[in-house]
Amino acid sequence: MSRIFTYQGSAAHIVFGEGRSQTVDEWIEKLGCSRALVLSTSHQKADAEALAARLGPLAAGVFAGAVMHTPVDVTEAAVEALRDCGADCVVALGGGSTTGLGKAIAYRTDLAQIVIPTTYAGSEVTQILGQTEGGRKTTIKDAKILPEVVIYDAVLTTGLPVGLSVTSGLNAMAHALEALYAQDRNPISTLMAVEGLRAFRSALPALVAVPGDVAVRGDALYGAWLCGTVLGAVGMALHHKICHTLGGAFDTPHAETHAIMLPHAAAFNSVAVPGLLAPVAEMFGGSVGGGLWDFASSIGAPTALKDLGLTETDLDRASRIAVENPYWNPRPIDERSIRKLLQQAWEGNRPEQ
Ligand code: NAD
């Protein structure tokens, strides 16, 4: 078999292991910085304040206003807070929303970022920033956006509620699924995608059974790193396009939308690239979409778009938007086929393929 590919490794430092968030002070200094603004959502404010207290003089302050979809007005308030307290770097403690705020600040100021992820969304290892202004979500890709240091510490994820752990894990798995058939895939992205899926295949059911098991949480976080890395490395296709459409136009919750769509998008594309998705069929049993649906159902994931408040009329509009400026996809799409696919996901049916 002839091999043709292009590969570029990431510039980010990955620090992985239980308890390693204790080394954040060393990383601030290694980056040549001395005053970090600690970021979080309001929900994780106490954790951010505890981290800032531990950092002592290395912490310039806490900004606990991160919210989903990185609204520009929140970023502007954070940049102002950053200037007021004289911070020279940011430490983002939280999920994709907090990471998004750190990236938005770095994009505007070019300051260094350290991210301590507490969900499995994967944003911390991509140079992609999605932000919203006036109800519109736009995506920017820039080297300044990639965080310099990511510290994965499973101890900080034991409190992530089981429901969010499951949907966040499926969100990450969707990155790996689409990496397997990405046009610009390479041998490393494929190895990482398969290993990431395998990690979640074993970690998510174990985590549902014992949510506080730090070793299992570590396996899930390992999967998150792998799946996030391939999201940052290769192009995404139909699944991500549909999820962005639903999130952007109907404000559906991010991780749940990914969790519901994953088996359906996988089933749709498996017809075109059965060989590339064979590892998924093998791992989850039976067909690609059916196997993923059985897996998601067995760990209590949501399965129907109608449960997110979408109506059937919304599906007509969503299919129209999804075919406007489509991403590359291994199987050709048209409005009719997407409408049919969305109907299946809306009803929560088990895909056959
Ligand atoms: P999130 O960051 O919004 O977190 C959801 C909620 O869970 C928040 O209230 C948060 O404070 C809380 N939480 C997080 N970790 C916790 C923990 N360990 N214990 C208790 N509570 C915890 O959710 P998310 O799914 O991680 O991120 C979604 C956002 O990330 C979206 O805006 C999405 O667009 C973005 N995203 C971006 C990329 C990218 O590459 N640009 C990739 C994936 C996701």
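## The second largest pocket

In this predicted model, the second largest pocket has a volume of about 390 Å³. Its lining is made up of 15 residues, and those closest to the centre of the pocket are Phe268, Lys340, Leu341, Gln344 and Gln353.

Two helices, H9 (254–270) and H13 (335–347), each contribute at least two residues to the lining of this pocket, and it is H13 that provides the largest share, with five residues.

The domain assignment divides the chain into domain 1, covering residues 13–157, and domain 2, covering residues 162–347. Between domain 1 and domain 2 the count of salt bridges is zero.

## Salt bridges

For the model, the count comes to four salt bridges. One of these joins Arg198 to Glu195, with the closest N and O atoms 3.7 Å apart, a separation that falls within the 4 Å cut-off applied to such pairs. Both Arg198 and Glu195 belong to helix H6, which spans residues 187–209, and they are three residues apart, or about one turn of the helix.

## Positive phi values in two loops

Most residues other than glycine have a negative phi. Against that background, His69 has a phi near 70°, a positive value in a residue other than glycine, and His69 is located in the loop between strand S3 (59–66) and helix H3 (72–85).

A positive phi is also found at Asp251, where the value is near 55°, again in a residue other than glycine. Asp251 lies in the loop that runs between helix H8 (238–250) and H9, and H9 is one of the helices that supply at least two residues of the lining of the second largest pocket.

Conventions
Residues are numbered from 1 along each chain as its sequence is written. This is a predicted model: local features need pLDDT of at least 70, side-chain atom pairs count only at pLDDT 80 or more; totals for chains, interfaces and linings use all residues. Side-chain values use heavy atoms; hydrogens and water are left out. On a 1 Å grid over the protein atoms alone, a cavity is a set of points where a 1.4 Å probe fits but cannot get out, and a pocket is an open set with protein on both sides within 12 Å along at least five of seven lines; lining residues have an atom within 4 Å of a point. Grid points are joined across faces, edges and corners, and a volume is the space filled by probe spheres set on the points. Helices (H or I, at least four residues) and strands (E, at least two) are DSSP runs, numbered from the N terminus. Domain bounds come from an automatic or database domain assignment. A salt bridge is a side-chain nitrogen of Lys or Arg within 4 Å of a carboxyl oxygen of Asp or Glu.
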